[in-house]
Amino acid sequence: MPSLAATTSRFLVGDYGYLRLFSNLQRTVYFHGSFQSFCRFDFQNGPLTLTSLGVKCESEITSGNNQNKLQQGVSTVEFPKRKVKKVGSRGAQLVGAKTSLDIEAAPFAAKAFPELGLPHLLVKRLKEEGYEVPTDVQAAAIPTILKNNDVLIQSYTGSGKTLAYLLPILSKVGPLRNDSSDGDEPRGKTDIEAVIVAPSRELGMQIVREVEKLLGPADKRLVQQLVGGANRARQEDALKKNKPAIVVGTPGRIAEISAAGKLHTHSCRYLVLDEVDELLAFNFREDIHRILEHVGRRSGAGSKGSNRSPARRNERQTIMVSATVPFAVIRAASSWARDPLLVQAQSIVPLSSVCSTSPVKLTGGRTSNSTSTSDSENLPTVQSLPPNLQHYYHVTRIQHKVDALRRCVHALDAKSVMAFMNHTKQLKDAVFKLEARGMKAAELHGDLSKLARSTILKKFRKGEVRVLVTNELSARGLDVPECDLVVNLELPTDSVHYAHRAGRTGRLGRKGTVITICEEPEVFVVRKLEKKLNIPIQACDVTEGKLVVIEEEKRLKAVSQ
Ligand SMILES: Nc1ncnc2c1ncn2[C@@H]1O[C@H](COP(=O)(O)OP(=O)(O)OP(=O)(O)O)[C@@H](O)[C@H]1O
C-alpha cells in the first residue's frame, strides 16, 4: 500500500485538466468559421443521447462555401421498442433484490446503419450479428470517416467506439466493402490497408475478434493479430501466408515486425490509435513514433526539405479514439493528423477550434449546470463515464478491505465483478483471501503469460470467475458486458484512471455500480474524484446483507465516536 502522501501527490500530478465540451442546461451551441453545427439539448432529464432526449437535432459541417455537407436534416427521435433489452438480474440493486433491468439509457442514434452510407453487405452482416441501430457516436463518426476526414473520436466508455471506426474501414477494405471502392488506387498484394494499435494484448485481441466476427469464418484470415507475448515467428509467417488487409496489435510488436521489414504498411490507408491517450505514455513513445513515420507513408512521398512533419506528408487517414481526451492528446493529434475533426456523439468540430491552453475538465454521467469556470462558456464538458452508473465509497480498515469487497458483492448480488488494485503482491493476497472464503476469484496482471491471461479472461467472460482482481492492465477498453460491479480496492491514481476502471461496467446503457473501498484518510481523494468527474459518490455500508447509503454527517459522527 503506498503512503497516503505518495497517493495524493500522484493524484494531483496526474490529474491535469480535461476538455470541457458540454455544460449548460438547454444550450444551443454554435460553431463558426469553416464548421457549423447546431444542436439543442435538454440535459435535465438524463444522459446525453438523442434517444433519451427525444429532441430535434440538426447538424452539418460546411467548408467555406457550404460544400462537403456531412450530415443534414431534422429528425425527431423516439426510443425504438426493440432497443429496450432485458439484461437479466445482474445489475446493482441497492436493496439486493433481483429484478430484470432495461437498457433504459442506451445511447442509440436516430439513424439506421443503411443511412450512414455503409455498404449493403456490411449492413447485412451487422444485422446477422444483432447490430440493428448505430449508437450516437457511431452515427456521428461513420459518415465523417467515410468522407476521408482524420478524426479524434471521444465518447464515454462502452458507447461503441470500436465499431465507430471499424465499420468505415470495413466499408473500404475486405470482402464487405463498397463496389465503388474498387476504383481506388491499386495496392500491392502484400500491403496492409489498415493498422490498428491498442495499448494492451487483451484489447488488441478483443478488436481482432470484433473484426473476425464481421468478416465471418471464410474471410477471418484477412485480419491478423500482432500482439506482444505471442510467438513472433508465427505472426510473421501468418503475414506472409495470409496476406491480411488489417493488422491489430500492440505498439511494440507492430514496430518490431515493421523494423524487421516483414510488415508492409507504406501504402496503408488507415491508422487507428485506440486509447490514444494511453498510447502517449512514455513506454510507447519510440514505437508509436516509428508507426507514425511508416504507416501510410509511401516511398517518395514528401520531398526532402519539406516543412511538413514525416507523419503528415502521407495519404493515410488517421483515426484516434478515447473516452478521455487530455490536451496532450489534442496537441499530439493535431500534429499527427491532417486537419482532424473532434467527433463526439452530438458534435463534430475541427480539433483546431478546441483551445489547447485552457484548463480542461472531465466529467461522468451527470451533466453540470454550473458555469463557474471561465473556460466553461466556450468549452462544454467531456462526458467520459456512462450516465447510468451508481458510484459509492465504503470506508474500512486496510485489513478488512477484502472482506468488505466480499460483503458488497453479496449485498448487490453481483455476478461479474472487476476489482482493481495497484500492486501485484496485494492483488494475489486478495485473490487468496477471496478463494479461502469460497468466492470464485482470479488474478489478471502483466506478470502472467499471454496464455494465462487469455485463459483467465475467457473464464471471466464465461462467468466461471465471479471476481477478477486486476490492475490498470484491464482498465482500458475491455468489454465484458455482464460486468455489473467495479470495485476500487486501491484508489486509482487520478480521475482518468477512475473513469476507465469504472467504465468496465454499465456498458452500452446497462446499469452498473462502482464502489471505492478506502480508509478514512483517503476519503478526501474520493471527494476530489467526485468533484473532478462531477458525479455524486455516496458513502455506503453493508447492513444486514444489504448495501445502504449513509449520510456523510452520520458517517463522520460514527468515525469520531
Ligand atoms: N450499434 C450497436 N448495437 C448493439 N451493440 C453495440 C453496438 N455498438 C457496439 N455495441 C456493443 O457495445 C459494447 C461496447 O462497445 P465498445 O467496446 O466499442 O465501447 P467503447 O466505447 O469502445 O468502450 P471503451 O471506451 O471502454 O473502450 C460492445 O459489447 C459492442 O459489441
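Okay, before anything else, one definition: a residue is called buried if 20 or more other C-beta atoms lie within 10 Å of its own. Keep that in mind, and keep in mind too that this is a predicted model.

Let's start with strand β7, residues 223–226. Both of its faces are covered. Val223 and Gln225 are buried on one side, and Gln224 and Leu226 are buried on the other.

Leu226 stands opposite Gly249 in β8. To get from β7 to β8, the chain goes through helix α7, residues 232–242, and this β-α-β crossover is right-handed.

Now zoom out to the sheet around them. It's an open sheet of 8 strands with mixed pairing, and the order is β7-β8-β6-β9-β10-β5-β11-β12. At the edges you find β7 and β12 (347–350), each pairing on one side only. From one strand to the next, the twist averages 15°. On this sheet packs helix α6, residues 201–215, touching β6, β7, β8 and β9, with its direction at about 170° to that of β7. Strand β6, residues 194–197, runs parallel to β8, and 4 bridges join them. In that pair, Ile196 stands opposite Val248.

Next, the other sheet I want to show you. Here 8 strands form an open sheet, again with mixed pairing, in the order β17-β18-β16-β19-β20-β15-β21-β22. The edge strands are β17 (441–444) and β22 (546–549). The twist here averages 30° from one strand to the next. Inside it, β19 (485–488) and β20 (512–518) run parallel, joined by 4 bridges, and Asn488 stands opposite Thr516. Helix α15, residues 495–502, lies across β15, β16, β19 and β20, running at about 150° to β19.

Stay by β20 for a second, and look at Glu519. It lies in the loop between β20 and α16 (523–533). Why does Glu519 count as partly exposed? Because it has 15 C-beta neighbours inside 10 Å, and partly exposed means between the 12 or fewer of an exposed residue and the 20 or more of a buried one. Glu519 also touches Val395, Arg397 and Ile398, leaving out residues up to four places away in sequence. And Glu519 and Thr396 are 123 residues apart in sequence, but 5.3 Å apart in space, C-alpha to C-alpha.

After α4 comes Asn148, with a positive phi near 70°.

On to the ligand. How many residues surround it? There are 20, and the closest are Thr157, Gly160, Lys161, Thr162 and Gly477. The shell divides into 7 nonpolar, 10 polar and 3 charged residues. Helix α5, residues 161–170, gives the most to that shell, with 3 residues.

Last, the whole protein. We have 17 helices and 22 strands, and of the 561 residues, 50% count as buried. Among contacts between residues at least 6 apart in sequence, 72% join residues at least 24 apart.

Key:
Residues are numbered from 1 along each chain as its sequence is written. This is a predicted model: local features need pLDDT of at least 70, side-chain atom pairs count only at pLDDT 80 or more; totals for chains, interfaces and linings use all residues. A residue is near a molecule or strand if its C-beta atom, placed from the backbone, lies within 6 Å of it. Helices (H or I, at least four residues) and strands (E, at least two) are DSSP runs, numbered from the N terminus. Ala, Val, Leu, Ile, Met, Phe, Trp, Tyr, Cys and Pro count as nonpolar, Asp, Glu, Lys and Arg as charged, and the others, Gly among them, as polar. Two strands pair if DSSP finds at least two bridges between them. A crossover is right-handed if, with the strands pointing away from the viewer, the path from the first strand over the helix to the second runs clockwise. Axes are lines fitted to C-alpha atoms, for helices over the stretch in contact, and angles run from 0 to 180 degrees between N-to-C directions. Two residues are in contact if their C-beta atoms, placed from the backbone, lie within 7 Å.
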